[in-house]
Structure formats: C-alpha cells, structure tokens
Amino acid sequence: MSNEENLTSEEIKSLRNLLDIEKIKELRLRYSYHMDARDLDKLMDVFAEGAVCGYGPYGDWVGKEVIHNNYKETFKDTLDTPFVSMHVNTNHLIKITGPHSAKGRVYLLDGITKNMDGSDIEPGSSNFLWFALYDEEYVKVNGEWKIKNMNLEFFWPERHVSDGFSTDF
C-alpha cells in the first residue's frame with residue numbers, strides 16, 4: 001500500500017464511529033425484535049444496569065427489574081403470542097458523543113396483529129397503535145453497547161410529549 005492509500009487518523013476515527021453506529025443500530029433492532037417476540041429475558045440484555053425508560057402514559061420505569069416486571073404486566077395477555085405488536089424502527093439518527101457514549105433518535109411505527117388483550121382486530125379498524133419517537137442515550141459497557149436512557153415521545157393517536165422535548169439533535 002502506498003502512502004497515498006493509507007488512511008488518515010481522522011478516517012480511522014470515522015470508521016470506528018461507523019462500526020459503533022452499526023452496533024447501536026443492531027442493539028435497537030434487537031430491542032424491538034425481542035419485545036415483539038415476547039422474549040423478556042433477551043430484551044433485558046439490551047439495557048444497561050440502572051437503565052431508565054420514560055414511556056409517557058405508561059410512566060417512568062427505572063432499573064432492569066422494574067422494566068422487566070412492567071413489560072411482563074403490560075404483555076400479560078400476550079406473553080405466549082409472539083408478534084402481536086410489531087415495532088417498526090426507521091430513520092435512526094445516531095451521534096457518538098464519546099468513546100463510551102452516544103445518543104440517538106428513532107421513529108416508531110407500532111403496528112398490531114391482534115388487540116393487546118389477544119383478541120382479533122375488528123375488520124376496518126386501524127392496525128396502528130402508536131406513531132412515536134425514541135429519544136435515547138447509549139453507553140458502552142465492556143465493549144458492548146447498551147441502552148442507558150430511553151424516552152418515548154408519543155405523537156399519534158394521542159400526544160404525550162415530555163416537557164423540554166426539543167427537535168434539536
């Protein structure tokens with residue numbers, strides 16, 4: 001390789017950031033997949049210890065044990081029925097903010113294949129449960145990215161937006 005083909009230190013840093021961004025995107029997809037599959041134990045693997053989830057009308061959930069128990073209660077009627085809900089993630093923006101920290105925003109299109117009580121959806125009814133935006137902080141722990149803080153801003157069919165929410169990113 002000639003000197004002209006060598007990567008600069010800035011290019012190497014950019015490549016490292018891209019690798020971290022891809023790992024964070026995979027983390028986010030695993031979150032939605034395990035939630036929809038109703039695999040709560042694997043779902044907990046995406047969270048850092050002491051994680052905080054702000055879920056608007058569902059309240060603030062602090063710590064992995066509380067998060068697990070609240071998901072178990074929320075999905076009590078559908079724990080044995082995977083993919084009742086399907087959390088479609090899109091438009092993922094990620095900023096690496098430090099060697100072990102990042103933040104991100106992700107659109108959520110939350111569709112359902114059955115009602116949350118497990119009953120069939122009435123013909124002609126909407127299959128959309130929520131349109132929302134995840135506003136997140138990530139932390140790298142032992143070389144692995146985890147969700148540290150997750151705040152869900154709900155926009156439809158009801159608006160539940162946190163005080164201080166800003167479109168700045």
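Which residues have the most contacts inside the largest nonpolar core? I took up this question first, working from a predicted model.

**Entry: the core.** I found that the largest nonpolar core comprises 30 residues, and that Tyr31, Leu43, Phe47, Tyr55 and Tyr71 have the most contacts inside it. I then looked up which elements supply this core. At least two residues each come from helices H1 (9-37), H2 (40-44) and H3 (64-74), and from strands S1 (47-54), S4 (101-112), S5 (128-141) and S6 (144-156).

**Entry: Phe47.** I listed the contacts of phenylalanine 47, leaving out residues up to four places away in sequence. Phe47 touches Tyr31, Cys53, Tyr55, Lys64, Ile67, Lys146, Ile147 and Met150.

**Entry: helix H3.** I noted Ile67, His68 and Tyr71 as the buried residues of H3. They lie on the same side of H3, because the arc they cover around the axis is only 100°. An α-helix has 3.6 residues a turn, so residues three or four places apart point the same way. I also checked what covers the buried residues of H3, and recorded H1, H2, S1 and strand S2 (60-62) among the covering elements.

**Entry: Lys140.** I located lysine 140 in strand S5. With neighbours within four places in sequence set aside, I found lysine 140 in contact with Asp20, Pro99, His100 and Trp145. For aspartate 20, I recorded a polar contact of 3.2 Å between its side chain and that of lysine 140.

How values were computed:
Residues numbered from 1 in each chain as written. Predicted model: local features only at pLDDT ≥ 70, side-chain atom pairs only at ≥ 80, totals over all residues. Heavy atoms only, no water. Core = buried A, V, L, I, M, F, W, Y, C linked by side-chain atoms within 4.5 Å. Buried < 20%, exposed > 50% of the residue type's maximum accessible area, 1.4 Å probe, protein only. Helix = DSSP H or I, 4+ residues; strand = E, 2+ residues; numbered from the N terminus. Contact = heavy atoms within 4.5 Å. Arc of directions from axis to C-beta. Polar contact = N/O pair within 3.5 Å; in protein donor to acceptor, adjacent residues only side chain to side chain.
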